[in-house]
Amino acid sequence: MALMGTSDPSRETEASQEKPFVLRALQIALVVSLYWVTSISMVFLNKYLLDSPSLRLDTPIFVTFYQCLVTALLCKGLSTLAACCPGAVDFPTLRLDLRVARSVLPLSVVFIGMITFNNLCLKYVGVAFYNVGRSLTTVFNVLLSYLLLKQTTSFYALLTCSIIIGGFWLGVDQEGAEGTLSWMGTIFGVLASLCVSLNAIYTKKVLPAVDDSIWRLTFYNNVNACVLFLPLLLLLGELRALCDFPQLGSAHFWVVMTLGGLFGFAIGYVTGLQIKFTSPLTHNVSGTAKACAQTVLAVLYYEETKSFLWWMSNMMVLGGSSAYTWVRGREMKKVQEEPSPKEDEKSNVEV
């Protein structure tokens, strides 16, 4: 997923092993920090664009549309740059093929739901509650894996899911007790969690249509999204609201909007970078720790006062998510270590 030129994976592994421990530790620390800064900055910036009293821009679909447009243009720009400077930038060639675009369309519909519901959730709930509001992704992963893929889940994994659900309901209860609960924002958070799970499932099905290239998939997803968002902008009256927006000609407004699009593009890159330099398990742990830091920063920044049970709901969600990652990691490792039936029969014959 790297933008710069990549080499053979085996050589990269050998090179990483040759690097001193301090240098490798420094690289990992820098990559994790970059992921944290990018992800947290994107959330706070989107909150400003979607629900800032000073901006007063009530066009969440347009904000999402513009971020998709920026991402699509960046992908095309990097593809052109790679064609002009093949030695400097490694990026797949992107040509818009309507046949491929149609193949990606079902995923694009789910993708639109995911990013739209994410932004709508962030618009109606505070940044501090945002993590809890859309915390049911793991639960939907388990449910959809059973319903669509007929994959069962272990008792311990289900137990961690029950902790997440308990933390979610406790968080909703405490937001209601403090008078800050937005049922609309909470519903959008649940829908966002569902779409994130569906997005992961459909991505695996659609990847062969784009030669298993994440960047090609990103390009087609965002191009399709831009086209599908246009009728929504007309139907929901957001284009008219945008025309009446007093800061439409402000350079500051467009700089912030474009910066939001850049962060949206960058999060995919830094996520892949963190997985490359660490592991998928470490990435999940880092994401959980980042969510905790983001919640604390939001409470401090917005000068909010939260009850003990409110904090407990966050700890239950984060703890349940971490426990699920650990349980699934152990289960996958155990499956990999167990010999297959054929190998077992072979060893018995040899004995």
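Colleague: Why is Phe 188 called buried?
Modeller: The relative accessible area of Phe 188 is 17%. Buried means under 20%, exposed over 50% and partly exposed in between, with a 1.4 Å probe and protein chains only. The 17% of Phe 188 is under the limit, so the residue counts as buried. This is a predicted model, in which local features need pLDDT of at least 70, side-chain atom pairs count only at pLDDT 80 or more, and totals for chains, interfaces and linings use all residues. Residues are numbered from 1 along each chain as its sequence is written, and side-chain values use heavy atoms, without hydrogens and water.

Colleague: What makes Phe 117 partly exposed?
Modeller: Phe 117 has a relative accessibility of 21%. That value lies between 20% and 50%, and Phe 117 is therefore partly exposed.

Colleague: How many aromatic pairs does a search of the whole structure find, and why is the pair of Phe 117 and Phe 188 called stacked?
Modeller: The search finds 17 aromatic pairs. For Phe 117 and Phe 188, the ring centres are 5.9 Å apart and the planes stand at 20°. Rings of Phe, Tyr and Trp (its six-membered ring) pair if their centres lie within 6.5 Å; planes under 30 degrees apart are stacked, over 60 edge-to-face and the rest tilted. Helices here are DSSP runs (H or I, at least four residues), as strands are (E, at least two), numbered from the N terminus.

Colleague: What makes the pair of Phe 219 and Tyr 220 edge-to-face?
Modeller: Their centres are 5.6 Å apart, and the angle between the planes is 75°. The angle is over 60 degrees, so the pair is edge-to-face. Phe 219 and Tyr 220 are both buried.

Colleague: Which residues form one aromatic cluster?
Modeller: The cluster consists of Phe 62, Phe 65, Tyr 66, Phe 245, Phe 253 and Trp 254.

Colleague: How do you know that Lys 205 sits over the ring of Tyr 202?
Modeller: The charged end of Lys 205 is 5.5 Å from the centre of that ring. A charge sits over a ring if NZ of Lys or CZ of Arg is within 6 Å of the ring centre and within 35 degrees of the ring normal. Lys 123 likewise lies over the face of Tyr 124, at 5.7 Å from the ring centre.

Colleague: Why is α2 called roughly perpendicular to α4?
Modeller: Helix α2 (residues 21–51) packs against helix α4 (residues 98–124) at an angle of about 75°, with the axes 9 Å apart. Angles of 65 to 115 degrees are roughly perpendicular, under 35 roughly parallel, over 145 roughly antiparallel and the rest oblique, so α2 is roughly perpendicular to α4. Axes are lines fitted to C-alpha atoms, for helices over the stretch in contact, and angles run from 0 to 180 degrees between N-to-C directions.

Colleague: Which residues of α2 and α4 meet?
Modeller: Val 43, Asn 46, Lys 47, Leu 50 and Asp 51 in α2 meet Asn 119, Leu 122 and Lys 123 in α4, where contact means heavy atoms within 4.5 Å. The residues of this contact divide into three nonpolar, two polar and three charged.

Colleague: What makes Asp 211 and Asp 212 exposed?
Modeller: Asp 211 has a relative accessible area of 60% and Asp 212 one of 55%. Both values are over 50%, so these residues are exposed. Asp 211 has a positive phi of about 60° although it is not a glycine, and Asp 212 also has a positive phi of about 60°.

Colleague: Why is Ser 313 called buried?
Modeller: Ser 313, in helix α13 (residues 308–337), has a relative accessibility of 1%, under 20%, and therefore counts as buried. Ser 313 and Phe 168 are 145 residues apart in sequence and 6.5 Å apart in space, C-alpha to C-alpha.

Methods: Ala, Val, Leu, Ile, Met, Phe, Trp, Tyr, Cys and Pro count as nonpolar, Asp, Glu, Lys and Arg as charged, and the others, Gly among them, as polar.
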